[in-house]
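Here is a short report on one protein model.

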Amino acid sequence: MIAYIHRTNDNNDKLVVAPSEKDYTDEQIRALSEFQEQFFESIIIRKIEVIVLPFLFFRIN
């Protein structure tokens, strides 16, 4: 998944899936999904990378 299309006037968001070697701009995603999304208002949300840092846990007696 490289992004999702969040419909602001509908409850049916769409996932944008592409091969890992492909990279699409928001404008390209908008153009490729224009026919399907022409009746809806939407925003394109990109995948957010999350970094999980390790935590140290200490037991206190």
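## Basis and overall figures

Contact means heavy atoms within 4.5 Å. On that basis, residues 24 or more positions apart account for 51% of the contacts in the protein with a separation of 6 or more.

This is a predicted model, in which local features need pLDDT of at least 70 and side-chain atom pairs count only at pLDDT 80 or more, while totals for chains, interfaces and linings use all residues. Residues are numbered from 1 along each chain as its sequence is written, and side-chain values use heavy atoms, with hydrogens and water left out.

The protein has 61 residues, and buried ones make up 18% of them. Buried means under 20% relative accessible area, exposed means over 50%, and partly exposed lies in between (1.4 Å probe, protein chains only). The exposed surface comes to about 5,700 Å², with 58% supplied by carbon and sulfur atoms. Accessible areas come from the Shrake-Rupley method with a 1.4 Å probe; for residues, only the protein chains shown count as cover.

## Fold and sheet

Two helices and three strands are present. Their order along the sequence is β-β-α-α-β. Helices (H or I, at least four residues) and strands (E, at least two) are DSSP runs, numbered from the N terminus.

The three strands form an open sheet in the order β2-β1-β3, with antiparallel pairing. Strands β2 and β3 stand at the edges with a single partner strand each, so one side of each has no neighbour in the sheet. From one strand to the next, the twist averages 25 degrees. Axes here are lines fitted to C-alpha atoms, for helices over the stretch in contact, and angles run from 0 to 180 degrees between N-to-C directions. Two strands pair if DSSP finds at least two bridges between them.

## Strand β1 and its partners

Strand β1 covers residues 3-7. Three bridges pair β1 with β2 (residues 14-16) in the antiparallel sense. The two strands form a hairpin, with six residues between them. On the β3 side (residues 42-46), five bridges join the antiparallel pair.

Which residues stand opposite Tyr4? In β2, the bridge partner of Tyr4 is Leu15. In β3, Tyr4 faces Ile45. Ile5 has Ile44 as its bridge partner in β3.

In a regular strand the side chains alternate between the two faces of the sheet. In β1, Ala3, Ile5 and Arg7 are on the covered face, and Tyr4 and His6 are on the uncovered one.

## Nonpolar core

In soluble globular proteins, nonpolar side chains tend to be buried together. Here the largest nonpolar core has seven residues: Ile2, Ala3, Ile5, Val16, Ala18, Ile29 and Ile44. A nonpolar core is a set of buried Ala, Val, Leu, Ile, Met, Phe, Trp, Tyr and Cys residues joined through side-chain atoms within 4.5 Å.

Ile29 touches Ile2, Ala3, Ile5, Val16, Tyr24, Ile44 and Arg46, not counting residues up to four places away in sequence. Ile44 lies in strand β3. Its relative accessible area is 16%, so Ile44 is buried. With the sequence neighbours up to four places away left out, Ile44 touches Ala3, Tyr4, Ile5, Asp26, Ile29 and Arg30. Ile44 and Val16 are 28 residues apart in sequence, yet 9.2 Å apart in space, C-alpha to C-alpha.

Arg7 belongs to strand β1. Is Arg7 buried or exposed? At 3% relative accessibility, Arg7 counts as buried. The side chain of Arg7 makes a polar contact with the side chain of Asp10 at 3.1 Å. A polar atom of the Arg7 side chain also lies 3.5 Å from the backbone oxygen of Asn12. A polar contact is a pair of N or O atoms within 3.5 Å; within protein, one must be able to donate a hydrogen and the other to accept it, and residues adjacent in sequence count only if both atoms are side-chain atoms.Beyond four places in sequence, Arg7 is in contact with residues including Asn12, Lys14, Glu37, Phe40 and Ser42. Glu37 is found in helix α2 (residues 34-37). Glu37 is buried, with a relative accessible area of 6%. Leaving aside neighbours within four places, Glu37 is in contact with Ile5, Arg7, Lys14 and Ser42.

## An exposed loop residue

Asp23 sits in the loop between β2 and α1 (26-32). At 69% relative accessibility, Asp23 counts as exposed. Asp23 and Ile2 are 21 residues apart in sequence and 8.3 Å apart in space, C-alpha to C-alpha.
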